[in-house]
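Trainee: Please take a close look at a single part of this model. Then show me how the chains meet.

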Amino acid sequence: MTLAIETCGLTRRFGGRTAVQDLAMQVPAQAVYGFLGPNGAGKTTTLKMLLGLIRPSEGRALIEGIDVAADRMGAARKVGALLEAHGLHANLTGRENLEITRRLLALPRGETDRVLEVVEMRPDAHRRVSDYSLGMRQRLGIARALLGAPPVLILDEPTNGLDPDGIADMRGFLAGLPARTGATVLLSSHLLNEVEQTASHVGVIFAGRLAVQGPLADLTARAAPGLDVEVDQPDRARPLILARGFDLAEGDGLSVRLRPGDDVRAAAAGLNRALVEAGIAVFALTPRRRSLETLYRHVADQNRLPTAHKEAA
Amino acid sequence: MLTALSVELLKLNRSLAALLAVAAPGLIALFIFFNLLRMDQAQDWFMVMMQAAAIWAYFMLPMGVTALTALVAQMEHGPRSWEHLFALPVRRWRLLAAKAGAVFLVVAAMEAAVLMLAAGAGALAGLIKPGIAPTGVIDWSAMVWLHARIFAAGALLTAIQLWAALRFRSFVPGLVLGIGGTFFAVVATSAKNGVFMPWQMPVNVLATDPARADLALMLGLGGGVLVLGLMLAHLSRREVV
């Protein structure tokens, strides 16, 4: 498997705080890699290290085999990026904003029109960015990242500010990008549903550590199925469910996490029987499909566990 | 390098920095115009043009540079463009040098504008009130040389202000430095050691003592080149956190 992006032991400390620790990210060539994690998990710090904006305290980051710290210019030639802050100049038109990057990259004039066409912004290119909506700015930022058709695209929250139609368009655009251009896309997002519909691979980061990564299909298949249980006495039901060897996900309701390989129908029937026999009225037993959200919640619970133990201690 | 410079000039389109570049010399011309109108006797052109140059070098240039560098830096700090720029396969020192080049070009354009607008203000005042129309002719070569020296002597203060403006995301440190520097330059006008103060160097070019004028020019220009070099070395290595 050829890797477009690879990090080995990537670590970054800010004073005494470790923002990213021993990160071993592997993004296969021509993949759409969804980089997930809660706020403050280290996503942006990781992206900045990949772009050479900050230096790693330890470890290294490779873009198409080029060490970012050793050859920033060489690595930067392979990357187009859209960061959380667009960095667009409000006093300039959309076209002028693209001109800035086009000139700095010494690309032919036609390249500006090409990327404007790709994001369907050509009719609005003459307008000042100060008159653009957030979604238009986002699309212009993506157009700028596409200048020069770089083999790797790093996009931080690319659907931010887009309306539902814009999100759907962007989803299709990003998902089809590897097939159309051969590019690899690394996108960070909070929107699990969007990533699930766009990404071929996923990495989840918690507290600076990569908790899980791999092909999305494999990961969701491995994720334990779940059952949402509605009863009249949840406090009595909880120990009963745990006694049968199931986990309960954190949250208000009774969200039962089954074991990988469990048959959902059999588990539901068994739980129903046990609860009813204990005198607990069961209103509903709803199987939850294996999804990225199931996986994410599972990983999130696992990564919260040590903290909870520490607090309890 | 020229490409990066052209990009910096493109960024000035419809910007507040471009507006300032016209407004600051315009204020000098406005002052010259109304000052002439209130007079009873005609002055010669040399006096009119020297008056404009003196006010410019004494106060408006340091304050104008303070505002200009703050506005130019905020064009990148505001939308956080540094992240995008520094992620590009372009040497960072080139981007920063282009930024400095654009600032110096704008300051040079402001010097030229002071010269042209002051002459225009004098001529217009003379048309409105023929009795005070400046006498004689403008010695253009001498005036261009004088403004070139003021510009060169202002290199150090321009470099210091630009460094402060680019270093800090907030515009406040640069403004405090510029306002403070200009204030002390004004209150210490007659101080013997004032010539060593960057914000006073441009006006010292007008000193009647040629040695003092040459010292201000040498310190301003030499110091400006040195500080620019240090600024490029420092800011190119900084992380974009």
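**One residue, then the interface**

Mentor: Start with A:Ser188, which lies in strand S9 of chain A, residues 184-189. The model is predicted. A:Ser188 has 0% relative accessibility, so it counts as buried, since buried means under 20%. Its side chain makes a polar contact with the side chain of A:Asp156, at 2.4 Å. What else is A:Ser188 in contact with, leaving aside its neighbours within four places in sequence? The list includes A:Phe35, A:Lys43 and A:Leu47. A:Leu155, A:Asp156, A:Glu157 and A:Pro158 are also among them.

Now turn to the interface. Here 30 residues of chain A are in contact with 30 residues of chain B. The area buried between the two chains is about 2,800 Å². Carbon and sulfur atoms give 58% of that area. Three residues stand out on chain A: A:Leu53, A:Arg103 and A:Leu104. They supply 23% of the area that chain A buries against chain B, more than any other three residues.

Next come the polar links. The count between chain A and chain B is 18 residue pairs in polar contact. Four salt bridges are found across the interface. One of them joins the side chains of A:Lys48 and B:Glu83, at 3.3 Å from N to O.

Which elements of chain A take part? Strand S1 (3-14), helix H2 (72-76) and helix H3 (94-104) of chain A each supply at least two residues of the side that touches chain B. H3(A) gives the most, with six residues. The residues on that side of chain A divide into 13 nonpolar, seven polar and 10 charged.

Technical notes:
Residues are numbered from 1 along each chain as its sequence is written. Chains are lettered from A and ligands numbered from 1 in the order in which they are written. This is a predicted model: local features need pLDDT of at least 70, side-chain atom pairs count only at pLDDT 80 or more; totals for chains, interfaces and linings use all residues. Side-chain values use heavy atoms; hydrogens and water are left out. Contact means heavy atoms within 4.5 Å. Buried area is the accessible area (1.4 Å probe) that two parts lose on being put together, summed over both. A polar contact is a pair of N or O atoms within 3.5 Å; within protein, one must be able to donate a hydrogen and the other to accept it, and residues adjacent in sequence count only if both atoms are side-chain atoms. Helices (H or I, at least four residues) and strands (E, at least two) are DSSP runs, numbered from the N terminus. Ala, Val, Leu, Ile, Met, Phe, Trp, Tyr, Cys and Pro count as nonpolar, Asp, Glu, Lys and Arg as charged, and the others, Gly among them, as polar. Buried means under 20% relative accessible area, exposed over 50%, partly exposed in between (1.4 Å probe, protein chains only).
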